[in-house]
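Subject: Structure handover

Hello,

Here is the structure you asked to have passed on. Please open it alongside this message.

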Amino acid sequence: MARVPTKHEVTRDLLDSLSEALVLLDPALEVLEWNLPMEHLSGVMRADAVGRNAESILPLFRDPALAPLVRRALAGETPGTVELPHTTPGDDRVLWLEARCVPWRDGEGRVAGAATFFTDVSDPQRRALLLHAMEAIGQSLTSSLDLNEVLDTIVGKALEVMGAESAMVVLGDTAASEFRVMRAAGRLSQQYAVVGTIPIGGGPISVAVREGRTVATRNVLTDSKLWLAPARRADIEREGFKATAAAPLAAKDRILGALVVHYWTEHTFGSEEIAALEFLAKQAAIAIRNASLYEAEHAEAARIRALTTVNRRISSALELDALLRAISESAAELTGARLATFWLADEQRRTLSFTSGTVPEMIESFSPRIMPYDQGGVGWVARHHTPLVVDDMLTDERLVNRAWTERWGIRSFVGYPVLAGEELLAVMALGHSEPLRLGKDKQDLIDLFLAQAAIAIQNARLYREAQRRRDVAEVLARLARELTSTLEVEPIAKLLARGAADLVNARAAGVFLLEPEAGALRALATHGADADIMQELVFKAGEGAVGRAVAERRIVTTADILADPAIQLSAWVRERIRASGYRAVVGVPLVTHERVIGALGLGADPGSTFSREELQTLEALADQAALAFENARLYASARDSLVRLRETQAQLVQAAKMSALGQLVSGVAHELNNPLSVIVGYGQLLLAREVPATVLRPIELMVAQADRMAKIVRNLLLFARQRPAERTTVSLNDVLEQTLALRINQLQTSAIAVEKKFTRGLPSVLADQHQLEQVFLNLLLNAEQAILEGKHGGRITLTTSVNRDGRSVHAEVIDDGPGIPAEALPHVFEPFFTTKTVGTGTGLGLSVSYGIVEEHGGHLGVESHPGRTVFRLELPVAQSPAARRAAPAGSPMIVTGEGRTALVVEDEASVLDLIVTILSQTGWRVDVATGGHEGLERVRRQHYDLIVSDIRMPDGDGEEFYRDATKGDPSLNRRFIFITGDTANREAFKFLREAGVLVVEKPFEPAFFLDAVRRVTT
């Protein structure tokens, strides 16, 4: 007798016979039933699923769209359906499932769980995607002619419609040796995608392009109908894809390439999938053809415009440097080359000098900058007067700088001679990452371009020579007037250095004066690109070109100061010159009344020479300057005597004025900054709008003059020392040098020698340079007066050093005067304390110096005994950039205030109106108050996202308002901005610094104010 199935078995068979996948869940989401279609869908067997939590088995139940449906079914509802993507185990393809949930009730009608049904709706979904893709590609065809945008659309829609794991667009036909990968997307590795080419063979892409039909394979590696080259097969095996389909890109009976999709599992392509791929390929071919035609037309138009631009630039430019730079840029645009450079020819020396190029970061790192005709590709062009084309410079023996070529990826080289008859004017060189192929039309344009460039270079040369002669005459006339108009040594030296550098286009020019006692030549003034290096140099008589010029009383020239055996240099001077950019040097002695007082030294680029006319001009200039120096020395001696008589009286008067001046300046600043804020603010707002051209210039002038007035106010505040000075990183060595220059003549007149022992490479300090100069000047004056009181003549030693831990630097001013009495030593930094005789000191110099150093976070101390007094200054090394005003650097960022409310507290109606206007224009709702008391009432009644307040107001000041407002709501301190013109007031500045609130100083620009708003509201 046959066994009768149990009720449970019958129920399970019925569930397995359903076409839909079914999961039966209890209220805890534990699986009660799991039918056979669900096993196929999920890859999880019934036995492994029943009794387990559904969310741990199948990710679908963790989907945020499905979870609410399950909960509603458990609550007895029958919700609607939802479509979900699902990936079947072992197959990376995405299926689309329709999920619906219904309550499951027990025999008594109570809800005992939820039944969830899943139906495969992938085919309708794919058809919908195809329709969307058709629409998107159609829009791309009609709205975009940008090839990159079209390619992105094609591969993106291929991935979406085909459900593929990768997609590519390749271009090329069977006449070529390889296909170019124009775009790749999806799972392909970066290594595969960036190669850029696929060799033509017997794979799906090659067959599709060759036969003009779609080729699909379940597994490209095992398909006997296909043939793959070993290297191509290795690439595919490394990538791991199997199923492949390639549809030809056909447009007007021409195959442009193929659209390719890949799958990483074996997959049989259905007729609908093939039709969809062919449709995409057909539309893609049309889009690519249209975009390519447009790009070709656009490129041709760009070339014509570039040539027109070249002609216009050449016809209008007479400055040779500007002309060659313009030609380089136009040549790169015309040819599409990555780099274009110009090398100016010197037929006499048979050398080429690099002059200009199109990519600054590339040309800055290139060397050598000067090449003979027998070196490099440009040298070959110069030597043969014919063009040169090299497809791969790395394999060419003429390559000069392999490291540079490899670094920048330059492979091909094309060089053209720029000729005027038989004379070589220059060489134009093009560099690119791929071989440059120029058609006949483009080559004809280049030939015309080079011919015009040759004429322009000749014109520019003639213009430069005429201009040089005119400049020489003007410079000599100007220097003659200026040298006779001043009796100051340093201005004379600066005029001489600048004028000499301009006359011969030197990289550096320096005026070296002879120290009679030490016999050394030190630079008093320098000018030019390498002025800093020349400023450091010290020569002995007979050393270097200037030393020989002084010793031999004649002009000394050398083509290369480092290689000339007739020029003697100390080791450290040689190293400093090696670090500079000049090699050719000339020294011209400064002689007055048969006495040599120094020399004029000039340094020029390697390979430069000084013509006879230039040397005669320099000699005449040096003779005139020597007479000016002598007159200045006599005048300085008489002037210093008068200055010493007036110094004492001036210091006393100045000390009395400073206090009153500070109070006056503070009040003036506050009263001026309010109207200046309105002028600057509304002026900037007007400039941001479209205004008539006739009005624009007056507004710009108004804003500029208002800014000028604001700077004047700030300078007055700094002068009166009513606010912290603006500090920058400075070198104590430089400060000491500049300060010493103010007193060196008087010290020498007083027979006081100065010895400098400066540490090279001294770390910078964060300080106000002018205040430090005041400190060192006071110390120098103190040392000078001490020496002169005890004897005639003496020595002052200036030293700098860095602490062992590197955190601070030291400077010492040491004199060999009589010293400070022991009983006076503890009081030297006290105001109005002095050991000088009545009328020779105010007692303020050292006390002011001590205060300045303390303000800088440093220390000023003194040690003294007979014959040696040391003032020692210590300052911390700069660790970070100096603090700036609230105004940010660069272009400020602005945020809108949509939906937010601001409170503006300001007693000045015009400033209040400006701030309200600025905030309103950026979307803020603005409430106003005219004083701190009214502002506090508003804050207590309403929440504000931003509070902008003045400091000084009659009806409750800003400090009181801030403290009361933040006491009730501490979070307000992060939303406060103070706008004030009274930071000169010490009490106000102290409060702002302690509160840490953002401050915008009046006058301010609207953009910087809005940037401050952004900083406190984001």
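Predicted model: local features only at pLDDT ≥ 70, side-chain atom pairs only at ≥ 80, totals over all residues.

Residues are numbered from 1 along each chain as its sequence is written, and side-chain values use heavy atoms, with hydrogens and water left out.

The whole chain

The protein chain has 30 helices and 35 strands. Helices (H or I, at least four residues) and strands (E, at least two) are DSSP runs, numbered from the N terminus. Of the 1018 residues in the protein chain, 46% are buried. Buried means under 20% relative accessible area, exposed means over 50%, and partly exposed lies in between (1.4 Å probe, protein chains only). Taking contacts between residues at least 6 apart in sequence, 61% join residues at least 24 apart; contact means heavy atoms within 4.5 Å.

Sheet with β6 to β11

Six strands make an open sheet in the order β8-β7-β6-β11-β10-β9, and the pairing is antiparallel. Two strands pair if DSSP finds at least two bridges between them. The edges are β8 (197-199) and β9 (215-217); each has a single partner strand, so one side of each lacks a neighbour in the sheet. On average, neighbouring strands of this sheet are turned by 25 degrees against each other, direction ignored. Axes are lines fitted to C-alpha atoms, for helices over the stretch in contact, and angles run from 0 to 180 degrees between N-to-C directions.

Strand β7 (residues 178-186) pairs with β8 over 3 bridges in the antiparallel sense. Glu-178 has Pro-199 in β8 as its bridge partner. Helix α7 (residues 147-162) packs on this sheet and touches β6 (166-171), β7 and β11 (255-263). The direction of α7 makes about 60 degrees with that of β7.

Sheet with β12 to β17

Another open sheet of 6 strands has the order β14-β13-β12-β17-β16-β15, with antiparallel pairing. Here β14 (370-372) and β15 (388-390) stand at the edges with a single partner strand each, so one side of each is left without a neighbour in the sheet. The twist from one strand to the next averages 25 degrees. Strands β16 (residues 412-420) and β17 (residues 423-432) run antiparallel and are joined by 9 bridges. Gly-415 is opposite Ala-429 in β17.

Strand β18 and its partners

In strand β18 (residues 508-514), 5 of the 7 residues are buried. β18 pairs with strand β23 (residues 595-604) in the antiparallel sense over 6 bridges, and 6 bridges also join β18 to strand β19 (residues 520-527), again running antiparallel. Val-511 has Leu-600 as its bridge partner in β23 and stands opposite Ala-525 in β19. β18 and β19 form a hairpin with 5 residues between them, and Gly-519 in the turn has a positive phi of about 70 degrees.

Helices α27 and α28

Helix α27 (residues 932-941) packs with helix α28 (residues 958-968) at an angle of about 20 degrees, and their axes are 9 Å apart. That angle makes α27 roughly parallel to α28 (under 35 degrees counts as roughly parallel, over 145 as roughly antiparallel, 65 to 115 as roughly perpendicular and the rest as oblique). From α27, the contact is made by Gly-932, His-933, Gly-935, Leu-936 and Val-939; from α28, by Glu-960, Phe-961, Asp-964 and Ala-965.

Two single residues

Arg-548 lies in helix α19 (residues 544-552). Is Arg-548 buried or exposed? Arg-548 counts as buried, because its relative accessibility is 16%. Not counting residues up to four places away in sequence, Arg-548 touches Gly-542, Glu-543, Arg-553, Arg-554, Val-556, Ala-566 and Ile-567.

Leu-825 is in the loop between β28 (808-815) and α25 (845-855). With a relative accessible area of 24%, Leu-825 is partly exposed. Leaving aside neighbours within four places in sequence, Leu-825 is in contact with Ile-820, Val-862 and Ser-864. Leu-825 and Ser-864 are 39 residues apart in sequence and 7.8 Å apart in space, C-alpha to C-alpha.

Regards
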